[in-house]
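Hi there,

Here is the structure I promised to pass on. Have a look at it first, and then read my notes below.

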Amino acid sequence: MPSNILNLPAYTILGSKESEHDYHIKAETASPLTVCSNCHSRDVVGYGRVEVLAHDLPMHGKRVGIYIDARRFKCKSCGKTFMEHLPDINANRWMTERLVSWIGQRSMTNTFTGIAEEIGVTEGTVRNVFSDYVNELERTVRFDTPKWMGIDEIHIIQRPRAVISNLHNNTAVNLLPNRNKKTIATYLSGLKDRDIVQYVAMDMWRPYREAVQEVIPQAKVVVDKFHVVRMANDAMESVRKSLRADLSPQQRRGLMHDRFVLLRRERELNDQQRFNLDGWAKNYPLLGEGYRLKEEFFKIYDASTKQQAQIRYEAWVKSIPPELRDHYQPIVTAWSNWQPFILEYFNHPITNAYTESLNSLIRVMNRLGRGYSFEALRAKILFSRGAHKVVQKRPKFDRQNQSIGYAGIRMMMDYEPPEKIEEINYGVDIDKLVAMIEAGEI
Ligand SMILES: [Zn+2]
């Protein structure tokens, strides 16, 4: 085997063995560093050798182990014995540094088990290396703290997870393992400039609200309109299902077929759909009444002030017939628990525009998810650089105070340091990410 096959100039290859699956390469450092690791004295003497196994990148499809015949020394100044420093080797993992970074990147596209098999280490080792890699990304890739923040949930790998988004930029800035108050609060506490967050749009999930109120009390909580009006559709469905028992199988099928008509806004119905709706309403007045309630509830959101919205809401509650009360009760309960935050929307109508994008993300993640840990999927979502929305921002123009003559300009050109361009990373463009995953690019 040629001596440069490893492409690690700091090492001399002493020999190699090849088996069906592996390369075993014996090596030593080319020019050992003979400085005491304790007191930095150069007055050291040889003190035997010790063999160290370091894993390396796979080569020709085979796993590679480098058996380093490392020198030991004894320091004559301080009396300590030590092993020589091994260049290019990560001493925490007993791997080459290049393998460590390879594992990190590889974990974005392959499962831990697959990688472990490929390089001949345990899955636990791969997991640990990956976790260091993610911590490093976490430290270096900083997303701009959103002024208008969204908190949503997506269900991936068997559990609901909280997605934090930037509503101005329609980007995701974090994905948290769960939606507990503690998890959200810890995330918010770690935000850079967390006092710049002005609004947080969320679902009616109390732990979100409590975490926001505790950690970023200046931020106004706004219940996302989408989550409120969705309850009116749920109530409509509940009314429809309650009628099923009274229907013949044929009518039941017809009603099932028309359920989309019931969920559609009145102004969006075509003539045929309107005709069908009228038919159902004539024969089943409660269904018609349920539809009216749903529509009236949506119309609360056409109000232009929160006072107006509250008045509309109160009128709406009074108009619920006793027979339908149970179906609409969840809305009444939610409104009484969240009223100020629901009404805040009318002061600041912010909403998360990318619910649809999140749905496609859930779809691709669940398809991809087999064999991946949550941490690996999270890293794939957050740290796939190509999907980031990055904006270059030059610093403010710096007005010069003294008059600038020809010589002055010359001087500036000679002495001004190059202009620093600041990069702002707004986070992950979900649609772009989904497209990249679907194209097999990441
Ligand atoms: Zn020493």
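**What I found**

Let's start with Arg264, which counts as partly exposed because it has 15 C-beta neighbours inside 10 Å. You'll find Arg264 in the loop between helix H8 (259–263) and helix H9 (271–283). If you skip its neighbours within four places in sequence, Arg264 is in contact with Leu269 and Gln273. Arg264 and Arg274 are 10 residues apart along the chain, and their C-alpha atoms are separated by 10 Å.

Before you go further, keep in mind that this is a predicted model. The pLDDT averages 90 over the protein, and 93% of the residues score at least 70. Which elements have the lowest and the highest mean pLDDT? The lowest belongs to helix H15 (residues 406–415), with 52, and the highest to helix H5 (residues 206–215), with 98.

**Two helices with a buried side**

Take helix H2 (residues 112–119) first: its buried residues are Phe112, Ile115 and Ile119. They span an arc of only 65° around the axis, so they sit on the same side of H2. Why can residues spaced along a helix point the same way? An α-helix has 3.6 residues a turn, so residues three or four places apart end up facing the same way. The cover over the buried residues of H2 includes strand S3 (44–59), strand S4 (62–75), helix H1 (97–106) and helix H3 (123–140). Just after H2 comes Gly120, with a positive phi of about 80°.

Now try helix H16 (residues 430–438), where Ile430, Leu433, Val434 and Ile437 are buried. Their arc around the axis is only 95°, which puts them on the same side of H16. Strand S10 (171–176), helix H13 (355–368), helix H14 (374–383) and strand S14 (422–428) are what the buried residues of H16 pack against. H16 is followed by Gly440, and the phi of Gly440 is positive too, near 70°.

**The core and a helix pair**

In soluble globular proteins, nonpolar side chains tend to be buried together. Here, the largest nonpolar core holds 88 residues, and Val200, Val212 and Val222 touch the most other members. What does Val222 contact, leaving aside its neighbours within four places in sequence? The partners are Tyr199, Val200, Ala201, Phe341, Glu344, Tyr345, His348 and Ile350.

Next, look at helix H6 (residues 225–243) and helix H12 (residues 325–347), which pack at an angle of about 170° with their axes 10 Å apart. That angle makes H6 roughly antiparallel to H12, because anything over 145 degrees counts that way. On the H6 side, the contact is made by Lys225, Val228, Met231, Ala232, Ala235, Ser238 and Val239. On the H12 side, the residues are His327, Tyr328, Pro330, Ile331, Ala334, Ile342 and Tyr345.

Asn7 is not a glycine, yet its phi is positive, near 55°. Asn7 is found in the segment before strand S1 (11–18), and it counts as exposed because it has 10 C-beta neighbours inside 10 Å.

Asp88 is not a glycine either, and its phi is positive at about 65°. Look for Asp88 in the loop between strand S5 (81–83) and strand S6 (89–90). Is Asp88 exposed or partly exposed? With 18 C-beta neighbours inside 10 Å, Asp88 counts as partly exposed.

Cheers

Note on methods:
Residues are numbered from 1 along each chain as its sequence is written. A residue is buried if 20 or more other C-beta atoms lie within 10 Å of its own, exposed if 12 or fewer, and partly exposed in between; C-beta atoms are placed from the backbone. Helices (H or I, at least four residues) and strands (E, at least two) are DSSP runs, numbered from the N terminus. The arc is that of the directions from the helix axis to the C-beta atoms. Two residues are in contact if their C-beta atoms, placed from the backbone, lie within 7 Å. pLDDT is the predictor's confidence in each residue, from 0 to 100. A nonpolar core is a set of buried Ala, Val, Leu, Ile, Met, Phe, Trp, Tyr and Cys residues joined through C-beta atoms within 7 Å. Axes are lines fitted to C-alpha atoms, for helices over the stretch in contact, and angles run from 0 to 180 degrees between N-to-C directions. Angles under 35 degrees count as roughly parallel, over 145 as roughly antiparallel, 65 to 115 as roughly perpendicular and the rest as oblique.
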